[in-house]
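Subject: Structure for your files

Hello,

Here is the structure you will be working with. My notes on what was found in it come after it.

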Amino acid sequence: MTKRILRFPAFAAALAITVAALGSTPARADRCDDLAKDLVKQIPDLKIGKTVAGVIYLEHPAVTQASLGCSSRNRSNEMFAATDKKKPTDAYYEFLGTAAALVFTIPKPDAVKGTKRCVSRTNLVRGYNIDSRYRKLDIHCTVAKTGVRITVSREKGV
């Protein structure tokens, strides 16, 4: 078979160029990894932790837990932050608002207002596990004795 390929030098050259081009393509980073790196550049004291099953864990002094969930079949990216205080500090809202504004490309004051609004709506009548919608964002907040957990996401196609 090698004699047959060598009889057609143009075919052999094209085959060699194709193999070289496919073999030397640079590895592209995932869009979610790029987004996490952008968050690190924009938010002071933010560090990237482990990446497990499409979730990038983040570390910041204002939160006890934070993560960036990568897009899936029916959701776009998802931002999660938790604190161990029942009444979160302004630094917590600032972190979550900045991250949500960068991930979902909305104004930062809108992201901060939406997260504060969700937490303020939790009470004995409505419950302590609230789903709300603000500026095309799905905001899920849970308030418990152990702290506050907020997840901000957006449905695909919105």
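**Two exposed loop residues**

At 58% relative accessibility, aspartate 45 counts as exposed, where exposed means over 50% relative accessible area, buried under 20% and partly exposed in between (1.4 Å probe, protein chains only). The residue sits in the loop between α3 (31-42) and β1 (47-52); helices (H or I, at least four residues) and strands (E, at least two) are DSSP runs, numbered from the N terminus. Threonine 105 belongs to the loop between α4 and α5, and it counts as exposed because its relative accessibility is 68%.

**How to read the model**

This is a predicted model, in which local features need pLDDT of at least 70 and side-chain atom pairs count only at pLDDT 80 or more, while totals for chains, interfaces and linings use all residues. Residues are numbered from 1 along each chain as its sequence is written, and side-chain values use heavy atoms, with hydrogens and water left out.

The protein chain has a mean pLDDT (the predictor's confidence in each residue, from 0 to 100) of 80, and 75% of its residues reach 70 or more. Over residues 24-28 pLDDT stays under 50, and there the model has 1 contact (heavy atoms within 4.5 Å) beyond four places in sequence. Where pLDDT is low, the predicted coordinates should not be read in detail.

**Overall layout**

The protein chain has 5 helices and 7 strands. Along the sequence their pattern is α-α-α-β-β-β-β-α-α-β-β-β. Of the 158 residues in the chain, 37% are buried. Among contacts between residues at least 6 apart in sequence, 41% join residues at least 24 apart.

**The nonpolar core**

A nonpolar core here is a set of buried Ala, Val, Leu, Ile, Met, Phe, Trp, Tyr and Cys residues joined through side-chain atoms within 4.5 Å. The largest one has 35 residues, and Leu68 and Ile150 have the most contacts inside it. Helix α4 (residues 90-104) supplies the largest share of this core, 8 residues. In soluble globular proteins, nonpolar side chains tend to be buried together.

What does isoleucine 150 touch, not counting residues up to four places away in sequence? Its contacts are Met79, Phe80, Ala81, Tyr92, Tyr93, Leu96, Thr115, Val119, Ile139, His140 and Cys141.

**The aromatic pair**

There is 1 aromatic pair in the structure. For such pairs, ring centres of Phe, Tyr and Trp (its six-membered ring) lie within 6.5 Å; planes under 30 degrees apart count as stacked, over 60 as edge-to-face and the rest as tilted. The rings of tyrosine 92 and tyrosine 93 have centres 5.7 Å apart and planes at 70 degrees, so this pair is edge-to-face. Tyrosine 92 is buried, at a relative accessible area of 0%, and tyrosine 93 is buried at 8%.

**The disulfide**

How many disulfides does a search of the whole structure find? The search finds 1 disulfide, defined as a pair of cysteine sulfur atoms within 2.5 Å. Cysteine 118 is joined to cysteine 141, with an S to S distance of 2.1 Å. The link connects distant parts of the chain, 23 residues apart: cysteine 118 is in helix α5 (residues 108-120) and cysteine 141 in strand β6 (residues 137-144). The link is left-handed, with -90 degrees about the S-S bond. Cysteine 118 counts as buried because its relative accessibility is 1%, and cysteine 141 counts as buried at 0%.

Threonine 142 lies in strand β6 and is buried, with a relative accessible area of 17%. Leaving out residues up to four places away in sequence, threonine 142 touches Tyr128, Asn129, Gly147, Val148 and Arg149. Its side chain makes a polar contact of 3.1 Å with the side chain of asparagine 129. A polar contact is a pair of N or O atoms within 3.5 Å; within protein, one must be able to donate a hydrogen and the other to accept it, and residues adjacent in sequence count only if both atoms are side-chain atoms.

Asparagine 77 is in strand β4 (residues 75-83) and is buried at 16% relative accessible area. Beyond its neighbours within four places in sequence, its contacts include Leu35, Leu68, Val103 and Arg154.

Regards
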